[in-house]
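User: I would like to work through a protein structure step by step. Please answer my questions about it in turn.

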Amino acid sequence: MGALLYFIIREQRTMTKETLAEKIARVTAEIVMLSAYDPAWPSHFEEEKRHLEACLPADLIIRIEHIGSTAIPGLIAKPIIDMLIEITDVERGKRLIPEILESQGYDCFWRPHGNRNIPPYYTWCIKRASNGTRTHHLHIDAPRAQANKVRFRDILLANPERAHEYANLKQRLELQHKNNRIAYTTAKGSFIQETLDDENIF
């Protein structure tokens with residue numbers, strides 16, 4: 001029943017030509033919910049990686065990385081696989097990727113870096129399960145444009161104590177911002193930047 005309801009809602013959005021503002025309001029209204037680490041997350045990443053390599057032009061993709069908290073064994077996370085897809089041509093990707101992925105049910109946006117609505121922008125897509133819940137976030141960008149996300153992942157992998165601090169922070173923020181995904185993400189920014197700036201790491 002859940003899968004059928006989601007299909008009907010998705011078809012209704014297509015028929016009524018959902019505006020960008022409506023689309024943003026819909027996805028940002030979804031709640032923040034953390035889960036215990038799931039050992040299946042790496043395999044979910046690999047499965048989606050194979051899918052993207054099969055459906056996107058091979059000459060467009062440089063590399064695909066598993067980033068975010070689901071890439072850190074033992075760390076609590078929203079059960080959504082964050083993936084960084086570096087591409088050879090951002091403008092070409094902006095045209096082609098939404099056309100390919102939205103026909104498969106993904107939501108795609110042309111998104112600014114950080115919290116200010118200014119260039120440079122990148123393509124960001126949401127993949128969902130048949131019941132409508134998010135399963136993957138795709139960050140599609142130029143080479144090294146989001147290198148800090150890879151570096152933050154590597155720091156947490158190498159520093160279990162810092163990863164534990166991050167887990168505690170996320171649990172507090174989940175309680176404070178459960179109904180505001182943007183506020184939740186923004187509130188993590190200081191910890192992430194302090195971690196990246198710590199000269200004692202790496």
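User: Which residue stands opposite Trp 124 in E5?

Analyst: The model discussed here is predicted. Strand E4 covers residues 121-128 and pairs with E5 in the antiparallel sense. Within E5, the residue that stands opposite Trp 124 is His 139.

User: How many residues lie between E4 and E5 in their hairpin, and what is the phi of Gly 132?

Analyst: The pairing of E4 with E5 is antiparallel and extends over six bridges. The two strands form a hairpin with five residues between them, and Gly 132 belongs to the turn. The phi of Gly 132 is positive, at about 95°.

User: In which sense does E2 run relative to E5, parallel or antiparallel, and which residue of E5 is the bridge partner of Met 83?

Analyst: Strand E2 comprises residues 81-87, and six bridges join it to E5. These two strands run parallel. In E5, the bridge partner of Met 83 is Leu 138.

User: How many residues of E5 are buried?

Analyst: A residue counts as buried when its relative accessible area is under 20%. Strand E5 spans residues 134-141 and is mostly covered. Of its eight residues, the number buried is seven.

User: Where does Arg 144 lie, and is it buried or exposed?

Analyst: Arg 144 lies in the loop between E5 and helix H5, the latter being residues 147-158. Its phi is positive, about 65°, although Arg 144 is not a glycine. A residue is called exposed when its relative accessible area is over 50%. Arg 144 has a value of 62%, so it is exposed.

User: How many helices and strands does the protein chain have, and what pattern does it follow along the sequence?

Analyst: The protein chain contains eight helices and five strands. Read along the sequence, the pattern is α-α-α-β-β-α-β-β-β-α-α-α-α.

User: What radius of gyration does the protein chain have, and why does this agree with a compact globule?

Analyst: For 202 residues, a compact globule would have a radius of gyration near 17 Å. The value for the protein chain agrees with this expectation because it is 17 Å.

User: What share of the contacts between residues at least 6 apart in sequence joins residues at least 24 apart?

Analyst: Contact here means heavy atoms within 4.5 Å. Among contacts in the protein chain between residues at least 6 apart in sequence, the share that joins residues at least 24 apart is 65%.

User: How far apart are the mean positions of the positive and negative charges?

Analyst: The protein chain has 27 positive and 27 negative charges. The distance between their mean positions is 3 Å.

Notes:
Residues numbered from 1 in each chain as written. Predicted model: local features only at pLDDT ≥ 70, side-chain atom pairs only at ≥ 80, totals over all residues. Heavy atoms only, no water. Buried < 20%, exposed > 50% of the residue type's maximum accessible area, 1.4 Å probe, protein only. Helix = DSSP H or I, 4+ residues; strand = E, 2+ residues; numbered from the N terminus. Pairing = 2+ DSSP bridges. Rg over C-alpha atoms; globule rule 2.2 N^0.38 Å. Lys, Arg positive; Asp, Glu negative; His and termini not counted. Charge placed at Lys NZ, Arg CZ, Asp CG, Glu CD.
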